[in-house]
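Subject: Structure for you to look at

Hello,

Please find the structure below. My notes on what was found in it come after.

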Amino acid sequence: MTTLDQHVGTRPIPNPKKSLITKLNAGTGLIVGIIFALLTYRGLSTVLDISIYELNNRVLLATMFMWSIGFLAGIGAFIGPIRWLIGEDLTAEEQLYLAGDGQGIKRYFKYCTDHKVVGIQYLWGVIVLLAVGGAMAMMIRTDLANPGGHFITPSVYNSLVGLHGITMIIALIIVATGPFGNYIMPIMIGAADMAFPRLNALSWWVLFTAIPVLCSAWFLGGIPTGWTAYAPLSVQAGPGMNAFIAAIIIFAISTAVSGANITATVITMRAKGMTWNRVPIFVVGATLSVAMAIPAFPTFMLAMIMTAMDRSFLTGFFDANVGGTGWLYAHLFWIMGHPEVYVILLPGVAILMEIVPVFVRKPLFSYTSAIVGFAGIVGLSFLVWAHHMYMTGWMPMLNGPFMVTTEMISVPTGLIFLVILGTLWNGKPWLKVPMLAVYAFLWNMLVGGITGLYLSDVPADMYLHGSMYVTAHFHYTLMGAALTGAVAGLSYWYPKMTGHMLHERASYISFWLVQIGFQVLYLGMFIAGAEGQPRRVVDYAEQFATSNKISTMGAYTIGIGFIVLLWAVIHSWRHGKIAPMNPWGAKTLEWTVPYPVPLVNFDTPPVVTSDPYGYGRSAK
Amino acid sequence: MSSDTKFQVHHDAPEAVGRRERLGVRLLIVADGAFVFGMIFSYFYLRNLDQNGGWIPKNGHTFSASSGWMAVLPLIVAALVHKLAQRDLSHQGSFSLITLVAYIYGGYYQLHQLANMPFIVKDTGTFEGAYAACWVVIAGANFFHYFVAGFIALGLVIRSRRATVDPVLESWRIRTAASWFTWVAVSGIALAITTSFI
């Protein structure tokens, strides 16, 4: 019996009158999606001349969207809305079937509404995205190991940089709120499920359809624009750009649905007694993150729709000849783009703040400061977007105000630091991997934050803009802080999600390889950037050779570290040490339920009577 | 965190489910609101920038300001009629039918406008200036609003004739639908005001 089989037990499969939902799964989704896509492509290409640039773009975009719609139809995503429309709501038996009760491993390939199944689906989705994005990073670094020694062609390099960027951005947006926000968070707040279980399944499967769309960019000539897809370059790019556009639009829909679901769950489904000051800090961070994504991503979606319109219908949003401007794209992109950094960062940081009290056996220092810090970051993140546009010449008189708002973000970020350091103060940490990640975060975020101050400063940015320094800076924040937090969360909650402990030695080895490799890679990149090496450029001058070689060695070390972690995850899932119910002695609600977690999480609804970090004072 | 287990497993009351669904819809409205804000921002940004005099090129065509209002009038009427449906649940089906008809008419009108845009250059197929680009995206958003609202209205009409639906939960769904209907009317007004500034 596999772990997944143990998870569902041996209850008989409910039989909801042999309805259609019992016959649909990812396989039928793939078949219907491919049929829809082929019919759309064949049908449109017979009536439209695909040798004409804009008509070809129309056909490709329609094909990609019809793939997504077809897949969702084939997996049964529209059954609920249609049944609602005709007044025949799903029966209790059908809802139980949709929750995957008694279906074993098959439910992971169905439109399953159980939040724990969705959490595992997200986890593997993230792993696949990180693996693909990581492999691209290895190719980029291999190419940059030596000046002039091209491992790949310049056009392939361009595509790799863009696809690596967007793949990693998507992966990091969902890396914490996907697996842990879905699996762990409802249990943490004492809820039986998410507020909208069918929307929960929808958010995952919509995202799933975006993955092959994005990958198809590779076979359509790639994207030459980088992940920012600045106009008018993106308007003039080849057919691969359609894949980028379609993937982002689909992903934005998934994000909005997921954000509304998680936010509504936390607001309306907390256990009795879980007042706002008793909500675990991870729940606060994850909720603020997805709530921030709700208004942020639609502007990116709009920018993509405008790009698609310019490419497919010859409108002129970004064409200066007909009254458009590339600045409009930059505004819409960065109004989303900067909050998106904190959409990524907050859940990772919140995971670490959840971990610190558990592993030093002390209450979280100043919970209120943590909330104020999060709220300050969320509020300010919408007021800083134009610091990405200092050098565009958009409006120099506004550079000063945007510099001030950007630098002000260091204040709430400092509060977050204060809370973690205050909790660590005089504590006796239990140095397991999740706790080591806290120290790694403190260092990485310190470097990422301080180097960010220089970039927020207009005169310094004039010199550093567009250099490898910028690349190193945002990797320190996104990878060094957010991804480190997510990996810590994986180590911490792995026992609850799989029933097994994560292989400890492999976890340590992975942690040190990744963190050492990370410092080698990006500290070297800071040097090259400060000396003037431009980013996104396939070749470089001889003077940057040493630092690039060192950076590439660091990248390989990270790659090996993550391969070790992947091995640990797969190996431990089947063969790991059986985990006790509460291996870390934590006080949050998810550790009060056994593994396998019951379908409705709690046999009786919990009543919360104290705060989640009441560990008492540490001995002096 | 301590907990006790003296309470039995409960099923959520229709009121709790209804409030939750309404909150979910309102959160999605926030997302749609950001999209609408983006369109309004883009419209005025390009209009005021008037890059190379290309907002409306010389001899360029536009829709009249009133045509934008005509396109959103059904949204406003439908939202008002739905308010009546909320007050008189016994005739909710009839009111929802009027709402549905308004949305179908509005959607058709918007599609008709899109099919008869005066500002496409016949030889090249390009749009005349940034105004035309903004207009078509706004019209597309209006049509999307009509489509979703029409779907909901159709559901309410059909469901009002079925005895199997839970009347308490249904009354909450009518209130939840009101959130969307009101929002699309408000966004329609905002977009009509925007396109009035030609």
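In chain A, helix H6 (residues 115–143) and helix H10 (residues 197–219) meet through a set of side-by-side residues. His115(A), Val118(A), Gln121(A), Tyr122(A) and Gly125(A) of H6(A) touch Pro197(A), Asn200(A), Ala201(A), Trp204(A), Leu207(A) and Phe208(A) of H10(A); contact means that the C-beta atoms, placed from the backbone, lie within 7 Å. Helices are DSSP runs of H or I with at least four residues, strands are runs of E with at least two, and both are numbered from the N terminus.This is a predicted model, in which local features need pLDDT of at least 70 and side-chain atom pairs count only at pLDDT 80 or more, while totals for chains, interfaces and linings use all residues. Residues are numbered from 1 along each chain as its sequence is written, and chains are lettered from A and ligands numbered from 1 in the order in which they are written.

H6(A) and H10(A) pack at an angle of about 15 degrees, with axes 10 Å apart; axes are lines fitted to C-alpha atoms over the stretch in contact, and angles run from 0 to 180 degrees between N-to-C directions. H6(A) is therefore roughly parallel to H10(A), a term for angles under 35 degrees.

Chain A as a whole has 22 helices and one strand. Its C-alpha atoms fill a box of roughly 70 × 65 × 45 Å along the principal axes.

Chain A also touches chain B, and the contact takes 48 residues from chain A and 47 residues from chain B. On the side of chain A, H13(A) gives the most, with nine residues. That side divides into 30 nonpolar, 15 polar and three charged residues.

Most residues other than glycine have a negative phi, and most peptide bonds are trans. Ala231(A) and Pro232(A) are joined by a cis peptide bond, with omega about 5 degrees, and Pro232(A) is in the loop between H10 and helix H11 (233–236) of chain A. The bond from Tyr595(A) to Pro596(A) is also cis, with omega near -5 degrees. Asn426(A) has a positive phi, near 65 degrees, and is placed in the loop between helix H17 (410–424) and helix H18 (433–456) of chain A.

Regards

How values were computed. Parallel < 35°, antiparallel > 145°, perpendicular 65-115°, else oblique. Contact = placed C-beta atoms within 7 Å. Nonpolar A, V, L, I, M, F, W, Y, C, P; charged D, E, K, R; others polar.
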